[in-house]
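These are my notebook entries on a structure I opened today.

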Amino acid sequence: MKLNLKVNGENKVFDIDVRDTLMDVLRANGYTSVKHGCETGECGACTVIINRKTVNTCIYPALKAENSDVITCEGLEKDGKLSILQEKFIEMGAIQCGYCTPGMLLSAHALLMKNPNPRLEDVKDALSGNFCRCTGYKKPVDAVMAAAKEMKGGE
Amino acid sequence: MDNKNDFMVNSAEVKKKLSEIGKNKRKVDGDKIARGRALYVGDIKMPIDKLYHAKIMHSPHAHAIIKKIDASRALALKGVVGVYSHENIPRVQYTTAGQNYPEPSPYDTVMFDYKVRYAGDRVCAVLAETPELAEEALALIKVEYEVLPAILDMRESIGNKVIIHDELDSTGILDKTKNIAAHVKAEVGDAQKAFSAADFVFENEYSVQYVQAAPVEPHIAITYFDENDRIVMYCSTQVPFHSRRIVARALGIPVQKIRVIKPRTGGSFGVKQEILIEDVCAMLTHLTKKAVKLEYSRKEEFSSSRTRHPQILTIKTGFKKDGTMTALSMKLLANTGAYGSHALTVQCNTGSKALCLYKAPNVFFEATIVYTNLPVAGALRGYGGPQGYFALDSHLEECAKKMGVDSIELRHKNQVKVGDELPLTKALGEGREGFMQTLKTCGMQECLDKVLKDIDYYNKKKKYAEENKKSSIKRGVGIAMTMHGSGIPGVDMGAASIKINDDGSFNLLCGATDLGTGSDTILSQIAAEVLKVPTSKILIYSSDTDITPFDVGAYASSTTYISGVAIAKAAKQCLDQIIKVGAHLLSEKLEDLYCENSSVISKKTKKSVSYTDVALYTLYKEDQFQIMGSGSHITYDCPPPFCVQGCEVEVDTETGKIKLVKFSSAVDCGLAVNPVMAEGQIEGGVHMGLGYALCEELKFDAKGVMTNPGFLDYKMLSTLDMPEMYTHIVETYEPSGPFGTKSVSEIPVDGPAPAVANAVENACSVRIYDLPITSEKLLNALLEKK
Amino acid sequence: MQYIRELIKYYWPESLEDAVKMLMHEPCAEIIAGGTELLVSGKRVSAIKSLVDITRAELSYVKKDKKSIKIGSTTTISDIQHNPVFTDFANGILSEAARHFVSVQIRNVATIGGNLAAAMPSSDLVPVLMALDAKLHVTGKEKREFALNGFFISKRKTVMAPYEIIGEVEIPLPSPAQKTGYSFIKFGRTELDIAIVNGAAAIEIEADSTIKEARLALGSVASNTIRCLEIEKELAGKKLTKEIIFEICEGVSKAIDPKSDVRASAKYRGKLAKVIAGRLIEKAYKNAGGKI
C-alpha cells in the first residue's frame with residue numbers, strides 16, 4: 001500500500017507494508033540517518049521530527065505518519081550548507097562515534113524551532129531522550145546553547 | 001632539530017611551533033556525521049543481489065545440555081534457508097577475545113555447543129529471507145534441555161561439584177575441575193613480613209558488579225562472497241585483524257580467504273573487542289554461499305554480549321607511623337562468566353594499573369578468575385582499572401581517616417614520582433611477563449591542584465562538616481587519584497603506509513581502528529604535522545584487512561601512542577623522499593632545505609617548490625617513482641597517564657538519594673593531539689564511571705536469567721542527572737610517545753566510583769563497599785548506623 | 001521491525017463513537033493512540049488484525065470553564081507539560097508530572113488516555129489526577145463516568161469493559177474561596193526513570209490552618225496507585241506540625257503493599273513511602289498557606 005507524506009520539504013509516496021514502522025520505511029527509502037539502537041523507543045537513535053515534534057520512529061507505525069510533515073537529519077542542511085546547529089556540533093566536539101548525532105540534532109532543532117531562547121534546563125530536557133555513551137552529554141548541550149546564541153545574533 | 005625522529009621530541013617550546021598538533025582540528029568525519037550521511041554497517045548498500053537475515057536462539061537456562069533440537073516446523077516455513085547448531089556446524093575451539101596471537105584467553109568456546117553455560121548462550125541460529133521470518137522460525141524450533149544445576153555466585157565456583165567446562169577439547173583453562181579459568185600471582189619484596197612489622201595495618205573487602213558497555217549501535221555484521229570467492233565481512237568491530245584470524249580458525253579456512261572491513265562503529269568501549277557474532281555470520285555465508293546479515297537486538301546486546309568482570313577485592317595496607325606505606329596487598333576473586341574471554345588479562349590489569357601508582361616496597365597481588373553460569377565478562381573500557389581503583393582508592397581514604405591524616409597527602413606521599421621504577425609492571429604483563437617501566441612524566445600534582453580548586457575541596461570539607469550537623473540533607477566532597485597505561489608493551493603493534501597524490505594530498509592507510517574515538521582525525525593530524533601539510537591534505541582510510549597494514553585494533557589505550565608513531569614513521573619516510581626531490585628541483589643541498597606548509601623551501605634563497613610540483617615531477621616527468629612511506633611500531637614503554645577526579649555530592653539521609661552536584665577531572669595525557677576531542681573522551685569516561693558508581697547493574701533472578709536487559713530497567717545517567725562538569729588537560733611531554741603523547745581514553749573511567757564513594761562518606765560518614773551505591777543501599781547503611 | 005505481524009488494516013475514525021463501532025465490529029481490533037505502550041507489549045500484539053487510531057477523532061483538547069478543566073483523552077503528555085492552563089494550576093503538579101515522563105519523544109506521542117488505560121502502578125500522572133479528584137468519561141456501548149479511585153483493579157487492569165474507550169478526563173476546579181495546596185513527588189534511580197515511589201497530595205485548609213479535606217495518592221507501592229483513605233481521615237481537622245506528620249505517616253505501611261523489582265526492594269519502597277507521604281503532606285499544606 002501507499003504512504004503519502006512530506007519528507008524534508010518534498011512530497012513523497014512510499015510503497016509500504018501495513019505493518020511497517022516509520023523507521024522501516026525511512027531507512028528503506030534511503031534515509032539511513034534514522035538509526036537502530038533499540039526496539040522500544042528508549043534510546044532516541046531513531047528520532048525524527050513529525051509535524052514539528054520529535055518522535056521515536058522505531059515504535060511509530062508508518063501509517064500514523066500519513067499526510068505528516070517529516071524532517072530527518074538529511075533535511076537540516078540548506079543547499080549543501082550546514083546549519084549553525086550542525087556546525088556547532090562539529091566545532092565544539094559534540095560528535096564522537098556519531099550514532100546518536102542525527103537524533104540529537106533533531107531534538108535540538110525541534111527545541112530551537114519552538115523556543116529560540118532556551119535555558120540550560122530546556123536543552124537538557126530536549127536531549128534527555130537521546131542516549132549517548134560517548135560524550136557524557138556536556139559538549140552536545142553546550143553546542144545547542146551556543147547555536148541558540150548565534151542564531152539569535154549574539155556574538 | 002634531530003631529523004631522524006623529531007616527532008618523538010617535544011616540550012613546551014616545541015609545542016608552540018607545531019601547526020597541526022595540539023589544535024582542535026575539524027573532525028575528519030564530522031561533516032558527514034552531522035549531515036546524517038555517515039554510513040555504518042547497517043546503512044551500506046552491499047554489492048549483492050539478496051541479503052538474508054540470521055537470528056540466534058539464546059538459552060533460557062543458565063546451565064543445560066541440549067538433548068534435542070527439532071527444527072522441522074521452522075525448516076518447513078517458506079523463506080527459511082536453514083537452522084544451524086552443534087548438529088551441523090563443525091566443532092572448533094577458539095576464544096572470542098580479540099587479542100594478540102597466541103591469545104592469553106582459553107580456547108573454551110565453540111560456535112554452537114551441545115551445552116549451554118549461561119542464560120543467553122547460543123543454542124542455534126536460523127537463516128531466513130527477512131528478519132521477521134527468522135524470528136518466526138526461531139519460535140517454531142523446539143529444544144529439549146536437560147537442565148543442570150548452575151553456579152550463580154563466584155564464591156561457590158571453586159570446589160563446586162558442578163563443572164562448567166567439562167569438555168575434553170578446550171585448552172588453556174587453568175583448572176577445569178575447580179572452575180578456575182586463570183590465576184595470577186605477583187610479588188615484590190615480602191609483604192607478609194612487612195605487615196607484621198608495620199605500625200598500622202588496615203584491611204577491607206570491596207565488591208563490584210556486572211555492568212554493560214551499552215554502545216548505541218548494537219553488534220552487527222554482514223558477510224558475502226565477492227567475485228573472487230572470498231568472504232567479505234563488514235562488521236562493527238574494534239579488532240578487524242584479530243577478527244579475520246579467529247573467524248578463519250572457526251571456519252577452518254585460510255586467512256587469505258577473508259577480508260574484514262570496519263567502516264564505522266557506533267561505539268564499542270571494549271564490548272566489540274570480541275568476535276561476538278562475526279563467526280556465526282561468516283559461517284552461514286561460508287555454508288550457504290549467501291549474503292548474511294546478523295544484527296543484535298537491544299535485548300541481545302544486554303543479555304548475550306560481554307560485560308565488565310565483577311570482582312571481590314581485599315585490600316590490605318601497612319603503614320609506618322609517619323604515613324609511609326610499607327606494604328600493599330590486593331587479593332581478588334573475579335567472575336569471568338561462562339567463558340574465559342579476557343579472563344587473565346583484565347585481572348592482571350587490575351593489579352598493574354592500581355597497585356603501580358604506589359611505591360610500597362612490598363607488594364602482593366593475587367587474582368583467581370572463576371567460571372560461573374552467568375553472562376560472559378570481557379573487555380570494557382578501563383579493563384580492570386575501575387574495579388581496582390574503586391577498591392584501592394576507597395581503601396586509602398579510609399586508612400587516612402583511621403590514622404587521622406589528610407587522605408590526599410597520604411596518597412600523594414606514597415605515589416610514584418618521575419624517575420621511579422614500577423616493579424609490578426615487570427611481573428604483570430598481558431598474560432606473560434611484562435616489561436619494567438620507569439616513570440618519565442607525571443602531571444599528578446598539577447591535576448590535583450586543578451581539581452581541588454574546582455570543587456573547593458578543603459573549604460567545602462570544613463563548611464559542610466558544620467552545616468551537616470543541622471540538616472538531614474548532607475553535603476560532601478571526595479577525591480580519587482588514578483593512573484593507567486598507554487598500550488601493551490612488547491605486544492601491541494600498529495602499522496601504516498602513506499603515498500602522495502598529484503595535488504600534494506596524501507592517502508594514509510592504517511589498520512588503526514576509529515571507534516568514534518576520533519583516531520582517524522588524530523592520526524591525520526600526526527601525519528600532517530610530520531609532512532608539514534594542513535590536516536585537510538590527509539585522506540585517511542583505516543581498518544580494512546586487505547588494504548591497510550596491520551594494527552592490533554583499538555584497545556588498551558594504544559592507538560595514539562603506538563599507531564601514532566607508525567604513522568609518523570611512514571610520514572617521515574615520505575618527507576625524506578620529498579625533500580630529496582626538492583633538493584634536486586631547487587639544485588640545493590639537503591641541509592639547506594626545510595619543509596613548511598606543503599612546500600620545500602631553501603633556507604638560503606627562500607626559493608621553494610610545492611609538494612604538487614614534486615608529485616607531478618615524480619609521478620609523470622622524470623625518474624618516476626611513487627613517493628610513499630611505511631612504518632610499524634612496537635614499544636616496550638607503557639607511560640601512564642595520570643588523573644585526579646573530584647566530586648561534590650548532596651545526600652538526602654532520609655531517602656538515601658545521592659545527588660551529583662559537581663564533578664571535576666584533570667588528566668595528564670602527555671600532549672593532547674586534539675584538545676577538544678581529548679576532553680570529549682574524558683567526559684564520556686566520566687559518564688560511564690558515574691553510572692558504575694551509582695546506578696548501573698545487571699540483575700539476575702534465582703535461575704540466573706537477566707531481569708533488566710533493556711534501557712528502561714538498566715539505568716544509565718541522562719542529561720538531567722549529570723553534574724556540573726569541569727574538564728582539564730594537563731600536559732607533560734612524554735619522550736616515548738609521538739609528539740609527547742600518552743593516552744586518555746580509559747583512565748577517566750577509573751576514578752569516578754571511588755571519588756563518589758569518598759564524597760558520600762564525607763557527607764554522611766557512611767562508606768559503601770560494594771557498587772553501585774544505590775539510594776537503597778545507602779539508606780539501609782544509614783539506618784544501621786543509627 | 002514489524003511488530004504487529006498479523007495487522008491487515010489501519011483505521012482513522014473521525015469520532016469516538018465511530019472508534020467504538022470499529023472496535024466492536026472489526027476483526028481482532030485494538031485502539032492505538034500514541035502507540036508507545038502498544039508497540040512494546042510483545043506477545044499482546046501478536047493477534048491484532050486491525051488498529052483503530054483515535055488521534056484524529058477530535059479528542060485532543062484542553063478546555064477550561066468555571067467548573068472544570070476538561071482534557072481530551074488523546075491530548076499528549078507534551079501538550080499537558082506545555083499548556084499554559086496547567087503551568088500554575090494546582091501548584092503546577094500536572095505539568096511537573098508530565099515533565100518527568102520518560103523522554104520528550106515519548107511525551108510527544110503518548111496520551112493521557114493511553115497512560116490511564118495502560119493502568120501501570122508507576123504512572124506519574126495517575127497520583128496527580130487522583131489528588132485532583134479527576135473523573136473519567138468513558139464511551140462504549142453507553143457513556144459512563146468513573147472516579148479515578150477505584151478505576152484500577154490491578155496492574156494493567158481497569159474496570160472498563162471491552163469496547164470502552166476513555167474520551168475525556170475532567171478535573172473539577174476548586175472554588176476561588178478555597179485554600180487548597182498541592183504537591184507532587186517522584187522518586188526514582190534517575191530523574192526520568194520509572195518511579196520507585198511517586199505520589200501527589202491535595203490539602204484544603206480552613207482560615208485557621210486546620211485541614212478541611214486531604215487527598216493523598218501514592219503510586220508504585222501497590223498493584224496500582226492508591227488513595228490513602230485512612231491517612232486522609234486522620235489528617236482532617238488537624239493543624240500540622242512535623243511530629244504530627246511523622247506520626248500519621250507511620251500508618252502508610254498499612255495502606256500499601258509494595259513489591260520488589262529491578263529498581264528497588266519492597267522493604268525500601270515501604271520505608272520510602274512513609275518519607276514521601278510526609279513530604280507530600282508538608283508541601284501541599286504549605287502551598288495551601290498552612291504554617292508548620
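**Entry 1: the domains of chain A**

Strands here are DSSP runs of E of at least two residues, and helices are runs of H or I of at least four, both numbered from the N terminus.

For the bounds, I wrote down domain 1 (2–73) and domain 2 (84–152) of chain A, which come from an automatic or database domain assignment. The C-alpha centres of these two domains of chain A lie 21 Å apart.

I remind myself that this is a predicted model, in which local features need pLDDT of at least 70 and side-chain atom pairs count only at pLDDT 80 or more, while totals for chains, interfaces and linings use all residues. Residues are numbered from 1 along each chain as its sequence is written, and chains are lettered from A and ligands numbered from 1 in the order in which they are written.

**Entry 2**

In chain B I found three domains assigned: domain 1 (6–38 + 492–633), domain 2 (42–148 + 213–303) and domain 3 (440–486 + 638–786). The centres of domain 2 and domain 3 of chain B, taken over C-alpha atoms, are separated by 37 Å. I then looked up their contact, in which 10 residues of domain 2 of chain B meet 9 residues of domain 3 of chain B, and the domain 2 side divides into 6 nonpolar, 2 polar and 2 charged residues.

Between chains, I noted that 17 residues of chain C are in contact with 17 residues of chain B. Helix 11 (residues 266–288) of chain C provides the largest share of the chain C side, 4 residues, and that side has 9 nonpolar, 3 polar and 5 charged residues.

**Entry 2: two helix pairs in chain B**

How far apart are the axes of helix 6 (residues 240–251) and helix 7 (residues 278–288) of chain B? I found them 10 Å apart, with the helices packing at an angle of about 50°; axes are lines fitted to C-alpha atoms, for helices over the stretch in contact, and angles run from 0 to 180 degrees between N-to-C directions.

On the helix 6 side of chain B the contact uses Ser243(B), Val247(B), Ala250(B) and Leu251(B), and on the helix 7 side Glu278(B), Asp279(B), Ala282(B), Met283(B) and His286(B). I classed this contact as 5 nonpolar, 2 polar and 2 charged residues.

For the second pair, the axes of helix 15 (residues 519–531) and helix 16 (residues 559–586) of chain B come within 8 Å and cross at roughly 35°. Among the residues in this contact are Ile522(B) and Ile526(B) of helix 15 of chain B, and Gly564(B) and Ala568(B) of helix 16 of chain B. The contact divides into 11 nonpolar, 5 polar and 1 charged.

**Entry 3: backbone geometry**

Most residues other than glycine have a negative phi, and most peptide bonds are trans.

A cis peptide bond joins Tyr101(B) and Pro102(B), with omega about -5°, and Pro102(B) sits in the loop between strand 3 (80–84) and strand 4 (115–116) of chain B. Another cis bond joins Leu771(B) and Pro772(B), with omega about -10°, and Pro772(B) lies in the loop between helix 19 (752–764) and helix 20 (775–785) of chain B.

Ala556(B), which is not a glycine, has a positive phi near 60° and belongs to the loop between strand 21 (538–542) and helix 16 of chain B. Is Ala556(B) buried or exposed? I recorded Ala556(B) as buried, because 29 other C-beta atoms lie within 10 Å; the cut-offs are 20 or more other C-beta atoms within 10 Å of its own for buried, 12 or fewer for exposed, and partly exposed in between, with C-beta atoms placed from the backbone.

Definitions and conventions:
Contact = placed C-beta atoms within 7 Å. Nonpolar A, V, L, I, M, F, W, Y, C, P; charged D, E, K, R; others polar.
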